[in-house]
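I opened this entry to keep track of what I looked up.

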Amino acid sequence: MSGDLKWNKIFGAGLGTVFAILVVQQVSGAIYATHAPEKMGYLVNVPDEADAGAAEAELPPDWGTVLPAADLAAGEAAFARCQACHNIAAGGPDGIGPNLYGVVGGPVMHRAGFAYSDAMAAHKAEAPTWGYDQLNTFITAPNRYVPGTKMSFAGLRDTPTRINLIAYLRSQGSTGFAIPAPDPARQPGAAAPAEGAAPADAATAGTESGAAPAEAATGAATTQTGDVAPPAATSAPSND
Ligand code: HEC
């Protein structure tokens, strides 16, 4: 008899504890209720698919190395996408876009008679010459490099195709525009530490200042490449 009572007490105590826990859970749930925010904080401007792997994520091409090796026939074939708007013959007419004969190395807005956009005029004030880097960036994504340009062309994301195309453009009236000497700082692996350099120093070598000494790059060929941008071969597919 007294044994039964003892077990009743033990049971009762156990149930009471469970009840107390449930009550605490419910009450604290009510007090500390969380609501998912309607708009998440720290909204990062995530690049869209077309931006992934775009040119600025890579080292710019080392023109002194890639231009002499470029495929002019492939570049001429790539120019087919430009031909709807651009003539490139010497003395040829302007179309929807200006004639492009001699544009490589020439001034931005190189055709006196063509009605360029205000956006292009503003760009000219900042970067007056169509050097290899400028053309490359423009052709990759015209409206990103020259916001508001009236060249309605989405861009050519494939780096090897762009290189061939720029080599072809150069062959049409711009062979006098020199190809720069190979630049070790632009070659894959240029950001790796030089011989004997402390690894921490490598971080600065990765900036695209082009100031990395030649020894750093030659050393780089045999050492690990760190987190330098991938070489052109991994660029996003062209969206032509
Ligand atoms: C839909 C028509 C169109 C297509 C396609 C097109 N362009 Fe253009 N392009 C234009 C127009 C229009 C301009 C003038 C832009 C402005 O004034 O903002 C221009 C300007 C340019 C310029 C600057 C010329 C200068 O005198 O400063 C270059 C270089 C150029 N285009 C290269 C190309 C290349 C290379 C391709 C092919 C990959 C191409 N374009 C495709 C219409 C086009």
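**Fold**

I read the elements along the sequence first, and the pattern is α-α-α-α-α-α-α-α-α. The model is a predicted one. I counted 9 helices and 0 strands in the chain. Next I checked burial. Of the 240 residues of the chain, 33% count as buried.

**Ligand shell**

Which residues come nearest to the ligand? I found 25 residues around the ligand, and Cys82, Cys85, His86, Tyr116 and Met151 come nearest. I then sorted the shell by class. The shell holds 17 nonpolar, 6 polar and 2 charged residues.

For histidine 86, a polar side-chain atom lies 2.7 Å from a nitrogen atom of the ligand. For tyrosine 116, I noted a polar side-chain atom 2.5 Å from an oxygen atom of the ligand. For tryptophan 130, an N or O atom of the side chain is 2.7 Å from an oxygen atom of the ligand. Each of these pairs falls within the 3.5 Å cut-off for a polar contact.

**Pocket**

Where does the ligand sit? I find the ligand in the largest pocket. This pocket has about 500 Å³ of space. I listed 27 lining residues, and His86, Pro98, Leu100, Phe138 and Met151 lie nearest the centre of the pocket. By class, the lining comprises 19 nonpolar, 6 polar and 2 charged residues.

I then looked at which helices supply the lining. Both α5 and α7 (159–171) supply at least two residues each. Helix α5 gives the most, with 3 residues.

**Histidine 86**

I came back to this residue. His86 is among the residues nearest the ligand, and His86 is also among those nearest the pocket centre. I placed histidine 86 in the loop between α3 (72–78) and α4 (118–126). Is histidine 86 buried or exposed? Its relative accessibility is 11%, so histidine 86 counts as buried, the limit being under 20%. I also found a partner within the protein. A polar atom of the histidine 86 side chain lies 2.7 Å from the backbone oxygen of proline 98. Pro98 itself is one of the lining residues nearest the pocket centre.

**Methionine 109**

I stayed in the loop between α3 and α4, where methionine 109 is also found. I looked up its backbone angle. Phi of methionine 109 is near 60°, a positive value in a residue other than glycine. Methionine 109 counts as partly exposed because its relative accessibility is 26%.

**Pairs separated in sequence**

Alanine 121 has its place in helix α4. Its relative accessibility is 36%, so alanine 121 counts as partly exposed. The C-alpha to C-alpha distance is 8.2 Å.Threonine 137 belongs to helix α5. At 33% relative accessibility, threonine 137 counts as partly exposed. I set threonine 137 against proline 60 and found them 77 residues apart in sequence and 9.0 Å apart in space, C-alpha to C-alpha.

Glutamine 187 lies in the loop between α7 and α8 (202–205). I class glutamine 187 as partly exposed because its relative accessible area is 31%. How far apart in space are glutamine 187 and proline 61? Their C-alpha atoms are 7.9 Å apart, and the two residues are 126 apart in sequence.

Conventions
Residues numbered from 1 in each chain as written. Predicted model: local features only at pLDDT ≥ 70, side-chain atom pairs only at ≥ 80, totals over all residues. Heavy atoms only, no water. Near = heavy atom within 4 Å. Polar contact = N/O pair within 3.5 Å; in protein donor to acceptor, adjacent residues only side chain to side chain. 1 Å grid on protein atoms, 1.4 Å probe; cavity = no way out; pocket = protein on both sides within 12 Å on 5 of 7 lines; lining within 4 Å. Sits in = over half its atoms within 2 Å of the grid points. Nonpolar A, V, L, I, M, F, W, Y, C, P; charged D, E, K, R; others polar. Points joined across faces, edges and corners; volume = space filled by probe spheres on them. Helix = DSSP H or I, 4+ residues; strand = E, 2+ residues; numbered from the N terminus. Buried < 20%, exposed > 50% of the residue type's maximum accessible area, 1.4 Å probe, protein only.
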